[in-house]
Amino acid sequence: MINKVLKLIKLLFALSSFICVFYVILELTYFLSFPKPILQAKEDLWLTLSRALLTDMVLLSLFVLQHSAMASESCKSLLYNLRLSDISRSIYITATAAVLLVAIKYWTFAPYVLWNINLSYKPILYLYIGFHSTAWTVIYVANVCTDVTELLGLKQVYYSVMNLPNPNFRKSLRLQKLNAHMRHPSFLGFLLVFWFVPVMSLDRLLLAVILTGYMYIAWNTDGEDYNYQKYMFQRKHHELERLNAQ
């Protein structure tokens with residue numbers, strides 16, 4: 001009976017986490033793609049800049065530390081020893097969502113702008129919307145195609161409740177290796193979102209530099225990963241060609 005209650009609690013937690021993450025993703029999309037109005041400093045400029053950049057650096061450091069520490073083998077081993085390995089992914093993304101919400105809420109604008117492009121000129125506005133829409137579409141579709149229920153932890157809990165083995169065991173070793181090197185795809189999509197903005201203030205520059213550098217370090221794919229993705233792409237392409245030929 002206790003075991004069934006624990007499984008139900010884990011399943012409810014995973015479902016709640018799954019829903020919350022979608023809300024945070026929408027908040028993050030709005031935060032990154034819709035620049036806030038430029039505000040004038042109400043006190044000494046350098047004091048305002050220093051305070052804003054220090055606050056934002058703390059928020060970015062909090063995200064990087066959480067994202068790295070909870071993905072470490074020591075943290076995974078701790079959750080395994082606590083018999084929470086099946087819900088570890090849900091815990092991880094819930095913590096990530098919480099950190100992102102804190103960062104979005106307390107993010108501080110640094111009132112120094114490197115460039116400010118006027119979006120009232122419609123061709124530029126349409127170009128901006130097109131680039132960001134394409135980037136977010138690539139990010140969303142790529143994550144859905146990589147088994148979004150497993151990526152967000154719901155599949156692991158469901159398999160545990162049904163007394164099935166970890167869904168990762170059903171994947172090939174090459175796919176497991178790729179996932180370990182690049183947990184979610186679309187490096188280029190995030191680069192476009194970070195850097196292709198109409199207003200590049202110092203706080204946005206700090207965000208773009210730190211997160212670009214973090215992605216570059218954390219996503220350590222190699223030649224074998226590239227060859228595997230190329231092989232799978234070609235295989236899927238040939239399968240679709242055969243279906244269209246029938």
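This is a predicted model: local features need pLDDT of at least 70, side-chain atom pairs count only at pLDDT 80 or more; totals for chains, interfaces and linings use all residues.
Now the layout. We have eleven helices and two strands. Along the sequence the order reads α-α-α-α-β-α-α-α-α-α-β-α-α. The chain has 246 residues, and 33% of them are buried.

Next, the core. The largest nonpolar core holds 35 residues. Which members touch the most others? F31, L32, F194 and L207 do. Several helices give two or more residues to this core: α1 (2–33), α2 (45–69), α4 (88–106), α5 (122–145), α7 (154–161), α9 and α10.

Take F31. Set aside its neighbours within four places in sequence. What does F31 contact then? The partners are I104, W107, R204 and L207.

On to one helix pair. Helix α9 spans residues 187–195, and helix α10 spans residues 202–218. Their axes are 9 Å apart, at an angle of about 165°. Angles over 145 degrees count as roughly antiparallel, so α9 is roughly antiparallel to α10. The crossing is left-handed.

Who makes the contact? From α9, we have F187, F190, L191, V193, F194 and W195. From α10, we have R204, L205, L207, A208, V209, L211, T212, M215 and Y216. How does that set divide by type? It gives 13 nonpolar residues, one polar and one charged.

Last, tie it together. F194 and L207 sit in this α9–α10 contact, and both are on the list of core residues touching the most other members. L207 and R204 also contact F31.

Note on methods
Residues are numbered from 1 along each chain as its sequence is written. Side-chain values use heavy atoms; hydrogens and water are left out. Axes are lines fitted to C-alpha atoms, for helices over the stretch in contact, and angles run from 0 to 180 degrees between N-to-C directions. Helices (H or I, at least four residues) and strands (E, at least two) are DSSP runs, numbered from the N terminus. Angles under 35 degrees count as roughly parallel, over 145 as roughly antiparallel, 65 to 115 as roughly perpendicular and the rest as oblique. A crossing is left-handed if the near helix is turned anticlockwise from the far one by less than a right angle, and right-handed if clockwise. Contact means heavy atoms within 4.5 Å. Ala, Val, Leu, Ile, Met, Phe, Trp, Tyr, Cys and Pro count as nonpolar, Asp, Glu, Lys and Arg as charged, and the others, Gly among them, as polar. A nonpolar core is a set of buried Ala, Val, Leu, Ile, Met, Phe, Trp, Tyr and Cys residues joined through side-chain atoms within 4.5 Å. Buried means under 20% relative accessible area, exposed over 50%, partly exposed in between (1.4 Å probe, protein chains only).
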